[in-house]
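This report describes how two protein chains meet. Please look at the sequence and the structure before reading on.

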Amino acid sequence: MKILTTVKRVVDVELTIRVDNGAIVEEGLQYVINAWDESAVETCVQLKENKGAETTLVSIGGDDNTDVIRRSYAIGIENGIHVNDPALTDADAFVYAKILQKVYEKGDYDLVIAGKQAQDTDNGQTGIILAEYLGLPCVSNVIGIDVIDDQHIKVSRLGDAGTEIVELELPAVVTVDVSINEPRLPATRGLMMAKKKPITVMDLAALGTSVEEVKGAGLKSEIIEYIPQQERKAGQKFEGDAPQITAQVVDLLVNEAKVI
Amino acid sequence: MAKALVIADIKNGALKGSTAELLSKAKAIGAETAVVAIGSNIESLIPGLVSAGSDTQYVADDPGLELFSAGPYASCVVDAAKQSGANMIWFGFSESGKAVAPRVAAQLDAACATDITDVMLEGDQIEIIRPAITNKVMQRLKINTDQMVAVVRAGAFEATEEITGTENVVKLSPPESDLKAVIKEIVSDAGSEIDLADANIVISVGRGAKDQTGIDLVKELADDLNAGFGSSRAMVDAGFLPHSKQVGQTGKIVAPALYIAVGISGAIQHLAGMKGSKVILAVNKDPEAPIFNVADYGIVGDLFEVVPILREELKKVGN
């Protein structure tokens with residue numbers, strides 16, 4: 001089984017994100033592998049270890065993306081494709097999906113495993129749109145994958161009414177939730193080895209496409225501005241005699257907040 | 001004129017509140033309204049769809065649509081979108097909505113925005129507001145396409161009480177089933193419990209509850225209040241509760257009228273999932289716990305002492 005997984009390099013959300021004049025302040029930001037993609041990479045590596053799958057990752061972005069590719073190598077991904085083209089700085093989910101379609105069509109893949117969303121945009125669209133472009137079956141928000149045979153997998157998905165069990169015919173696209181596994185950390189030795197491993201770097205021309213093709217009629221939506229999140233303020237905090245302060249708070253919930 | 005097509009949010013055969021909320025918002029910004037309902041044996045929901053504020057009801061009622069399957073559901077929405085000529089196609093905040101919306105957008109070649117909290121309409125120009133970067137900032141986007149597909153964040157819009165609609169039912173032909181992604185079964189892990197996304201009150205338990213005894217104590221409070229019962233990541237990671245109960249950035253995002261955090265310190269991860277609640281009450285024995293920085297009301301105390309008193313006091317006021 002040949003698997004393609006997608007890895008996005010995103011802003012580290014553990015750090016403070018500041019907005020100034022409608023834009024994100026770049027100073028002080030750090031970049032990491034997207035949390036959901038880390039789970040996708042772990043899923044691929046487990047399928048390699050347990051089912052003999054062949055694993056390839058693709059990452060779209062600038063020169064710095066090599067760090068998330070090497071990190072994934074260190075965990076056990078075998079092949080890496082880096083799509084690096086200066087025309088892609090403002091790419092949205094549709095543009096990413098179109099590029100991924102081109103990458104998919106150049107290989108002979110049985111399964112695409114993507115993270116269900118990226119922690120920078122929080123869109124949760126790219127993997128699903130890719131499946132539409134490819135005309136492949138797709139299940140999103142996947143929390144478990146079982147290989148049935150060469151042509152079929154069974155996946156579990158967190159749905160509205162519980163866990164949905166879906167049988168998929170390959171080739172297919174799945175997008176995974178972080179709860180699918182506990183991603184391993186790269187070992188130092190693995191990181192050293194990963195530095196020597198080659199990465200296939202491609203621009204749009206090398207992929208057999210162009211900025212006109214991947215952007216179609218233009219971006220479907222554009223960010224006009226970022227707005228700082230309105231932070232909640234600390235309210236009334238009560239300490240002391242538990243029966244007394246609890247009664248007081250219940251009275252406030254009923255008469256002040258009017259939510260009970 | 002702008003026209004909104006709202007996807008009826010149906011769970012266990014009943015219409016959820018988000019449908020009226022989305023239709024109310026559409027009317028408030030001056031749009032015409034239509035709704036599309038997808039399922040099996042859903043004819044009885046039509047009066048509810050009308051009173052929720054829709055002026056046309058597209059209904060796909062077929063035994064093949066009993067279990068959720070993203071492909072056929074998307075086909076129904078696309079069919080209704082084309083017939084209605086809607087330029088705004090809105091889903092309520094649900095896992096099925098998040099799975100179907102990007103498919104519909106790709107098929108219609110329309111813009112797609114998830115998690116939106118507001119929509120502005122000026123002539124034909126649509127702008128939306130949504131959170132991004134793990135809920136740390138908001139972004140304002142301009143839609144460049146004629147049509148847009150959106151998933152509306154829970155609690156973003158309010159239903160107006162005086163809203164009404166007109167009955168005008170259009171039956172949709174059943175879609176082809178997805179033979180390459182076959183839904184086998186749905187294993188309910190929540191039983192008949194109240195859905196976190198719908199609940200008016202959500203009570204979540206954290207590490208402070210220590211073990212099953214503590215969890216059961218907090219669960220009793222949730223049961224008293226008919227509240228949704230959630231959890232911090234710590235209690236899920238420790239194996240006490242399933243992932244479906246986790247409130248937070250990588251779990252469920254909730255915005256109830258009242259959120260009660262019991263024994264939860266308030267990690268960024270958790271706050272990202274509940275900061276949108278209207279009123280927050282926190283119970284924690286550590287007066288310095290970060291949860292108090294976002295709580296409207298805070299009780300500093302041991303939950304094992306406070307929760308039983310809280311139950312008694314709430315019973316006195318008629319719950």
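Between chain B and chain A there are six salt bridges, a salt bridge being a side-chain nitrogen of Lys or Arg within 4 Å of a carboxyl oxygen of Asp or Glu. In one salt bridge, the side chains of B:D109 and A:K220 meet at 3.0 Å, N to O. The model is predicted, and local features need pLDDT of at least 70, side-chain atom pairs count only at pLDDT 80 or more, and totals for chains, interfaces and linings use all residues. Residues are numbered from 1 along each chain as its sequence is written, chains are lettered from A in the order in which they are written, and side-chain values use heavy atoms, without hydrogens and water.

The size of an interface is often given as the accessible area lost when the parts come together. The table gives values for this interface.

| Item | Value |
|---|---|
| Area buried between chain B and chain A | about 6800 Å² |
| Share of that area on carbon and sulfur atoms | 57% |
| Contact residues from chain B | 81 residues |
| Contact residues from chain A | 75 residues |

Buried area is the accessible area (1.4 Å probe) that two parts lose on being put together, summed over both. Contact means heavy atoms within 4.5 Å.

Strand 14 (residues 221-228) of chain A pairs with strand 10 of chain B in the antiparallel sense over seven bridges. Strands are DSSP runs of E with at least two residues, numbered from the N terminus, and two of them pair if DSSP finds at least two bridges between them. Within this arrangement, A:I227 stands opposite B:M138 in strand 10 of chain B.

Technical notes: Helix = DSSP H or I, 4+ residues; strand = E, 2+ residues; numbered from the N terminus.
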